[in-house]
Amino acid sequence: MAENQLAQPSLSWRIRSQFVMGMTGVLSRWFIYGLNQTEIYGLEPFLKILDERKDIARRERGLITVSNHISVLDDPLIWGCLPYSYMVPDNLRWGLGSHDICFKNKVLKSIFEPGQVLPTHRLAHSPFGGLFQPTMTQAIRLLSRGPFTSPEPPTSLPSPSPTPVSSLSADREKHLAFNDPFSSNQFTFSTNGEDSFHAPSAYANRRHGWIHIFPEGKVHQRTDKTMRYFKWGVARLILESDPCPDVVPMWVEGFDSIMHESREFPRFIPRTGKPVRIAFGEKVDMEEKFGDLKERWRQLREKETENAGNGQLLPMGVLSDELKYGEEAVALRRECTSRVRAEVLRVRQQRGLPDEDPKSGLVETWRAEGPKLEGHMEDDSWIRDV
């Protein structure tokens, strides 16, 4: 292995990660089984998938789990369903956490970073957010062969604009993106040009990792259990990772009763004695469901390489303007995201829930929520922007 590629992080880092992940798993398992009425569906096939991934050297592709998002405690409580023997960081999920919540001070960073959470800027709260922020590059690389280090010097970010975040244009977002998210230290990356985080994809033991994602992007609590539209980040993970990762759709119920957004004092204490349901769907046949989209994306990348004239592919997870905003690239992300949502809906249907209105998957439909970012919305749903 090249000298700039390490097999794994330092011993102190691994100890901290095992402590955080292990304790979180133990407490989550105790809470959902000991203090609530929890039923799990499809766990054995999912554990078999994890068993096949234990030997890192033999992993052939990454893993994405994707589910609806109904409370601020969905993650980590969902993973309390895993037996204790599976609570080993090398074979546990990486998640995406709000930078302004999970990493707003050193104490929280010391918990969430070894807890395998990647810092994500929300465009409604930060000029560094959006579909093409550095953390998305890191997530794509985590799912891929790896390890990845940056051979070229970093590109610095400009200072955040005083313009209100809600009015940022696509052009502004383009200028905020890195060409490559790694800093000059090849084992760290920055989300805004000033902070610094460990770059997990730089280590061999993180190759073909597992990422869990909530594509709704917000906690959404509604009595009819309808999902919001899915954002396109999950499409980037599927289309750009190499090779195509496995996808396991999930459906969760009951966590909204544990931490409902309408709860009164004491708001910070989770409620107990609630029925909880966690359902794992079957592993998706990615060639059948997404193979055509992956091929179209490959052809689009090759075409863009030819147009660039230098014959060199862009680094993994790094895109040209055409691959970001071009008509075909946008259409591919839209279609990929729609298919992912359909897989989650299939698990929802297996739980006996009625079919959703097809318009529920459209961005336009959710304008009925009203202008607020979170809280009790005009359509009677409850939203938490986290």
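**Cavities and a helix crossing**

Mentor: Start with the lining of the largest cavity: by class it has 4 nonpolar, 6 polar and 5 charged residues. Keep in mind that this is a predicted model.

Trainee: How many cavities of 30 Å³ or more are there?

Mentor: The count is 4. The largest holds about 130 Å³ of space. It is lined by 15 residues, and Asn-68, Ile-70, His-220, Arg-222 and Lys-225 are the closest to its centre.

Trainee: Which strand gives the most to the lining of the largest cavity?

Mentor: Strand E9 does, with 3 residues. E8 (219-221) and E9 (246-253) each supply at least two.

Trainee: What volume does the second largest cavity have?

Mentor: About 80 Å³. Of its 13 lining residues, Trp-13, Trp-94, Glu-113, His-198 and Pro-200 are the closest to its centre. Strands E4 (117-120) and E6 (197-198) each supply at least two lining residues. The largest share, 3 residues, comes from E4. By class, this lining has 10 nonpolar, 1 polar and 2 charged residues.

Trainee: Now the helices. At what angle do the axes of H8 and H10 cross?

Mentor: Roughly 85 degrees. Angles of 65 to 115 degrees count as roughly perpendicular, so H8 and H10 are roughly perpendicular to each other. The axes of H8 (residues 233-240) and H10 (residues 286-308) come within 9 Å.

Trainee: Which residues make the contact?

Mentor: H8 brings Ile-238, Leu-239 and Glu-240. H10 brings Met-286, Phe-290, Leu-293, Lys-294 and Trp-297. Together the contact residues of H8 with H10 divide into 6 nonpolar, no polar and 2 charged.

Technical notes: Residues numbered from 1 in each chain as written. Predicted model: local features only at pLDDT ≥ 70, side-chain atom pairs only at ≥ 80, totals over all residues. Heavy atoms only, no water. Axes fitted to C-alpha atoms, helices over the stretch in contact; angles between N-to-C directions. Helix = DSSP H or I, 4+ residues; strand = E, 2+ residues; numbered from the N terminus. Parallel < 35°, antiparallel > 145°, perpendicular 65-115°, else oblique. Contact = heavy atoms within 4.5 Å. Nonpolar A, V, L, I, M, F, W, Y, C, P; charged D, E, K, R; others polar. 1 Å grid on protein atoms, 1.4 Å probe; cavity = no way out; pocket = protein on both sides within 12 Å on 5 of 7 lines; lining within 4 Å. Points joined across faces, edges and corners; volume = space filled by probe spheres on them.
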